[in-house]
Amino acid sequence: MSSLQSWAALAVLVPLAAALLCVVLPPLRRAGKPAAALCILASLVATAASIYLLTQHEAGAVTRTEVPWIVLGGKALASIGVNVDGVSVVMLLVVCVVALCVQVFSLAYMHDETPSSYGRYFTLHALFLFSMNTLVVAPNLLQLFAGWELVGLTSYLLIGFWFHKPSAARASVKAFWMTKLADMGFVFALLALFVATRGFDWNARLSTETATLVTALLFLAVVGKSAQFPLHVWLPDAMEGPTPVSALLHAATMVAAGVFLIVRADPLFAQAPATCEVMLWVGSITALFAACLALVQSDIKKVLAYSTCSQLGYMVAALGAGSAFAGFFHLGTHAFFKALLFLGAGSVIHAVHSNELADMGGLRRKMPVTTLTFGIGALSLAGVPGLAGFFSKDFVLAQLEGKAGWIPWTMLMATSFLTAFYMGRVLIKAFGGAESAKAHHAHESGGAMLLPLVVLAVPALAAGFLGGVLAEWSGAEYHVHLGLTPVVASCLAIAGLLGAVMVFGRGRAAPFAGVLESLDRASAVDRTWSGLYRHVLLGVSAVAGFVDRYFVDGLINAVGYTTIESGARVRRLQTGRIHDYAMAVVVGALLIALWGVLR
Amino acid sequence: MNLTHCLLLASFLFCVGVYGLLTRRQAVAVLLALELMMNAANLAFVAFAHFRGGPGQLFVVFALAITVAEVAIGLALVMLLYRRHDDTALDRASETQG
């Protein structure tokens with residue numbers, strides 16, 4: 001194992017060690033603060049390792065170390081190990097930096113928790129970092145799947161962190177169901193891949209049919225994990241979890257695992273043009289649809305959640321257009337500015353004790369640092385020229401030029417406008433205008449919350465300029481050119497922001513209220529899924545339960561009952577009286593004699 | 001007197017034994033009935049040995065020895081039964097019923 005892989009392994013194993021320590025030493029976990037310190041230390045080590053890895057990594061190099069896993073008859077069916085290349089190094093850095101920022105932020109944000117749930121929170125965070133890093137450095141699809149399921153588990157546990165709240169418990173179960181439903185695709189994809197190639201390598205050469213089958217099944221898993229239409233409904237509900245969790249899992253890293261999977265399995269997807277076509281459309285539809293829903297949310301976290309769906313749609317569309325690098329680039333910048341936005345929202349929620357945009361307003365004077373950093377994140381997301389989001393979004397849009405009759409391109413351009421519009425709405429409603437009653441008592445958050453905001457604001461501002469370096473590392477092509485796409489995109493972004501000022505700036509939202517309300521009915525998708533859940537899944541469960549209870553159990557009970565009953569009857573034959581036995585012997589002897597005579 | 005007469009007598013004795021076995025309540029009477037059945041069989045053995053030849057008489061000697069052992073055990077059981085119930089009626093000794 002070379003030193004590079006050792007550093008990557010360190011980034012995986014140190015968080016695991018921290019999580020395990022907290023799990024096996026309940027006193028440490030229940031003490032709260034020491035557990036938090038341990039977990040943050042582990043994240044710090046992982047971040048340092050990933051930064052060191054980045055400085056040492058040579059462009060285009062791929063090195064891996066694997067040890068045999070699942071050895072059967074002397075032959076390893078799979079391997080487990082560390083894969084170091086441009087994609088995994090960058091992703092590792094993004095995950096570790098965002099995780100570290102979020103954990104430091106949580107120190108203050110979760111301050112009101114009891115020590116034992118404080119400790120539980122950070123234990124889960126360490127477990128998440130381990131799971132996500134396992135996924136990122138996976139050298140084959142099987143280990144990636146293991147990490148994939150582990151992050152799903154931590155997501156479930158963290159959404160339901162406040163499990164005594166019925167809505168949180170429901171949301172966590174919903175997220176679990178929806179993603180597990182989709183993960184069946186991953187399992188079957190692995191099976192199909194193994195049957196075809198006897199391995200789990202994403203570089204496998206397959207026939208077109210097999211490649212289409214495997215990638216379609218993988219894409220099903222991606223639709224669930226990355227909250228694409230029509231399986232996106234769990235993500236807005238996942239906002240029941242603590243806000244820093246939303247920032248880390250449900251905006252920056254875990255939901256991006258789906259996109260990461262496609263980037264990883266790009267050689268497979270390149271062999272399946274049919275799946276890519278579907279991805280292009282699903283991504284575009286999700287982007288536009290979720291952006292429309294983001295317009296009408298009154299909860300600041302829900303706006304950001306739908307916005308995450310929408311931006312993930314951009315990435316999936318870019319991957320569908322055949323550019324893994326565009327998707328990955330947008331993943332990286334999005335991770336920073338969306339984590340920043342969520343943490344900013346967390347800072348605001350912490351100050352006004354409410355998620356509702358109506359309870360905010362006029363916070364720019366009370367919370368200048370939060371306002372500034374949130375503003376940077378919002379403008380970056382909106383795609384204002386020069387900020388990180390502009391470069392990656394522009395690159396995604398450039399990949400879509402001319403694809404499928406320009407329709408996806410048009411849809412994503414419209415989404416750009418809507419993105420700027422709804423972010424402008426949030427900025428104006430939360431930070432502009434007059435102070436609301438709750439905002440009156442708000443005050444700026446403490447240093448532990450502001451530091452991560454400032455740290456994340458730097459890449460949200462400047463990460464866009466790293467596109468060229470990133471492309472070189474991943475061995476992809478990247479050019480910034482002043483053509484049709486960037487000009488239109490910038491104009492739409494600015495138009496969207498100006499439009500928001502016009503509409504919401506001076507309390508002139510009234511004419512649009514009706515339009516926005518009708519959009520809200522679009523959440524019919526959610527109702528469809530809950531109806532399906534209630535009627536189909538629970539119905540099937542009820543039938544299965546009935547069959548189990550009355551047929552399977554009934555059969556077993558019948559056997560037991562018959563044995564007991566017949567025993568109770570037969571035992572009366574044992575009268576204990578010697579005459580009866582003698583009679584039986586005599587009758588038996590006579591019958592035998594009779595049989596002998598008549599034979 | 002030929003073999004048939006002897007076998008008829010043996011059968012009659014056996015049936016009397018069976019009847020006694022099934023109808024008597026007193027343990028001693030049942031033991032007597034068993035003896036009667038045993039001797040019916042012995043009579044058949046002797047009769048066959050007398051008219052047809054063979055080692056039948058030898059078996060009778062064996063059977064008599066076994067009968068002695070059986071009677072010893074049987075009377076011991078009757079003693080125990082009496083100690084337990086102050087009576088030797090067999091229909092009261094039904095402790096082993098299921």
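Modeller: Start with the residues that touch. In α17(A), A:Val369, A:Thr370, A:Thr373, A:Ile376, A:Gly377 and A:Ser380 meet A:Leu450, A:Leu453, A:Val454, A:Ala457, A:Ala460 and A:Leu461 of α21(A). Contact here requires C-beta atoms, placed from the backbone, within 7 Å. By class, this contact has 8 nonpolar, 4 polar and no charged residues. (Ala, Val, Leu, Ile, Met, Phe, Trp, Tyr, Cys and Pro count as nonpolar; Asp, Glu, Lys and Arg as charged; the others, Gly among them, as polar.)

This is a predicted model: local features need pLDDT of at least 70, side-chain atom pairs count only at pLDDT 80 or more, and totals for chains, interfaces and linings use all residues. Residues are numbered from 1 along each chain as its sequence is written, while chains are lettered from A and ligands numbered from 1 in the order in which they are written.

Now the geometry. Helix α17 of chain A covers residues 368-382, and helix α21 of chain A covers residues 447-462. Their axes come within 9 Å and cross at roughly 30 degrees. (Axes are lines fitted to C-alpha atoms, for helices over the stretch in contact; angles run from 0 to 180 degrees between N-to-C directions.) α17(A) and α21(A) are therefore roughly parallel to each other. (Under 35 degrees counts as roughly parallel, over 145 as roughly antiparallel, 65 to 115 as roughly perpendicular, the rest as oblique.) α17(A) passes α21(A) in a left-handed crossing. (Left-handed: the near helix is turned anticlockwise from the far one by less than a right angle; right-handed if clockwise.) Helices (H or I, at least four residues) and strands (E, at least two) are DSSP runs, numbered from the N terminus.

Next, a second pair. Helix α15 (residues 324-352) and helix α18 (residues 388-400), both of chain A, pack at an angle of about 155 degrees, with axes 9 Å apart. α15(A) and α18(A) are therefore roughly antiparallel to each other. The crossing of α15(A) past α18(A) is left-handed. Residues in this contact include A:Phe329, A:Phe336 and A:Phe337 from α15(A), and A:Lys393, A:Phe395 and A:Val396 from α18(A). Its classes are 7 nonpolar, 5 polar and 1 charged.

Last, the chain contact. Chain B gives 10 residues and chain A gives 11. The chain B side divides into 4 nonpolar, 4 polar and 2 charged. Chain B averages a pLDDT of 90. (pLDDT is the predictor's confidence in each residue, from 0 to 100.) The model scores ipTM 0.86 and pTM 0.74.

Definitions and conventions
Contact = placed C-beta atoms within 7 Å.
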